[in-house]
Amino acid sequence: MPELPEVETVCRALDKLVARKTVQKVHILRDKIRTTIPPALKKLLPGYKIKDVERRAKYILINLTRAKSPSLTLIAHLGMSGQFAVAGGQKPRLREKHDHFMLDFTDGTQLVYNDPRRFGLIEYAPTEQLGMHKLFKDTGPEPLEKTLTAKNFYARLQKSRAPIKSVLLDQKVIAGVGNIYASEALFLACLHPQMSAAKITPAKAAELLAAIRLVLKAAIKSGGSTLRNYKSADGITGLFQHRFKAYDREGTPCPLKNCKGEIQKIVIAGRSTFFCPQHQKKSC
Ligand SMILES: [Zn+2]
């Protein structure tokens, strides 16, 4: 499933590929994904111009404007297998199986949403009301935003006695960290994944926030390098080859210098968790 860095990578690529394009026509080819794609989009979007594409948690936000009209935001989630592709120019893209949604632009290009497993989502909201939208009203701060200070993060952790690993996956506490990066950040911050969030000290909370930022930024950086657009390859997937230190490395020696531990796998709240029992202790 795409996590924050993959979604960020997709947003940056889409922003480069579709910003400033004007929607001419909306096609809803198969409307049932996780929810029904709103049929109102067909009438609503033509004439709107894409202002930019940004990310909130694991959602892609395509912001659109039109003179004398309220700004709109298309909200997309890739689910398990969703992909956006930009096609077009002189050779329009042939319809493919699992194409669900398509925008024709006035310059002859197209933006296509393809999703074989159909766990994705496409909705919309007036841009001004986005913060109040049901998908976002309870979402915590973005980990990469400077407005999230170490002090604020510490205060958020203090509210829960649950294992820190689960708390990092709680979207109300912090948006979009995800299963892989929670394991990686705890590894770097030398924190045991089962440690109660409320027991973490202010200094450790600051270290953990820095570790979260480090792993997310590194993943975004490597994600960007493997991105391709539809013309040259098979869609904007945001897949990347990232070398994890703990995640999915059960039974291998801890890659930390001077640590003789071995990576273990445990399950916390139903999710696989990888850590090194040697340098990630409950007492630290
Ligand atoms: Zn270790």
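The buried residues of helix H5 are Asn 179, Ile 180, Tyr 181, Ala 182, Ser 183, Glu 184, Ala 185, Leu 186 and Phe 187. Here buried means under 20% relative accessible area, exposed means over 50%, and partly exposed is in between, with a 1.4 Å probe and protein chains only. Helix H5 spans residues 179-188 and is mostly covered, since 9 of its 10 residues are buried. Helices (H or I, at least four residues) and strands (E, at least two) are DSSP runs, numbered from the N terminus. After H5 comes Cys 190, which has a positive phi near 55 degrees.

The model is predicted: local features need pLDDT of at least 70, side-chain atom pairs count only at pLDDT 80 or more, and totals for chains, interfaces and linings use all residues. Residues are numbered from 1 along each chain as its sequence is written, and side-chain values use heavy atoms, with hydrogens and water left out.

## The chain as a whole

The chain has 6 helices and 10 strands. Its radius of gyration is 21 Å, close to the 19 Å that the globule rule gives for 284 residues, so the chain is as compact as a globular protein of that length. The radius is taken over C-alpha atoms, and the globule rule is 2.2 Å times the number of residues to the power 0.38. Along the principal axes, the C-alpha atoms fill a box of roughly 60 × 35 × 30 Å.

The chain is divided into domain 1, residues 4-132, and domain 2, residues 150-275. These bounds come from an automatic or database domain assignment. The centres of domain 1 and domain 2, taken over C-alpha atoms, are 29 Å apart.

Of the 284 residues, 50% count as buried. The chain exposes about 14,300 Å², and carbon and sulfur atoms supply 51% of that area. Accessible areas come from the Shrake-Rupley method with a 1.4 Å probe; for residues, only the protein chains shown count as cover.

A contact means heavy atoms within 4.5 Å. Among contacts between residues at least 6 apart in sequence, 65% join residues at least 24 apart.

The chain has 48 positive and 24 negative charges, and their mean positions are 2 Å apart. Lys and Arg count as positive and Asp and Glu as negative, while His and the chain ends are not counted. The place of a charge is NZ of Lys, CZ of Arg, CG of Asp or CD of Glu.

## Positions in strands, loops and helices

Ala 87 lies in strand S5, residues 83-88. Ala 87 counts as buried because its relative accessibility is 2%.

Ala 57 is in the loop between strand S2 (49-56) and strand S3 (59-65). Its phi is near 50 degrees, a positive value in a residue other than glycine. With 3% relative accessibility, Ala 57 counts as buried.

The loop between helix H6 (202-225) and strand S9 (264-268) holds Asn 258. Asn 258 is not a glycine, yet has a positive phi of about 65 degrees. Asn 258 is exposed, with a relative accessible area of 79%.

Lys 245 also lies in the loop between H6 and S9. Lys 245 counts as partly exposed, at 36% relative accessibility. Not counting residues up to four places away in sequence, Lys 245 touches Glu 184, Phe 187, Leu 188, Pro 255 and Ile 263. Of these, Glu 184 and Phe 187 are among the buried residues of H5.

Phe 119 is in the loop between strand S7 (109-114) and strand S8 (121-126). Phe 119 is partly exposed, with a relative accessible area of 42%. Leaving aside neighbours within four places in sequence, Phe 119 is in contact with Arg 34, Gly 79 and Met 80.

Ala 218 is placed in helix H6. Ala 218 is partly exposed, with a relative accessible area of 37%.

| Pair | Apart in sequence | Apart in space, C-alpha to C-alpha |
|---|---|---|
| Lys 245 and Cys 276 | 31 residues | 9.8 Å |
| Phe 119 and Ile 174 | 55 residues | 23 Å |
| Ala 218 and Phe 187 | 31 residues | 15 Å |
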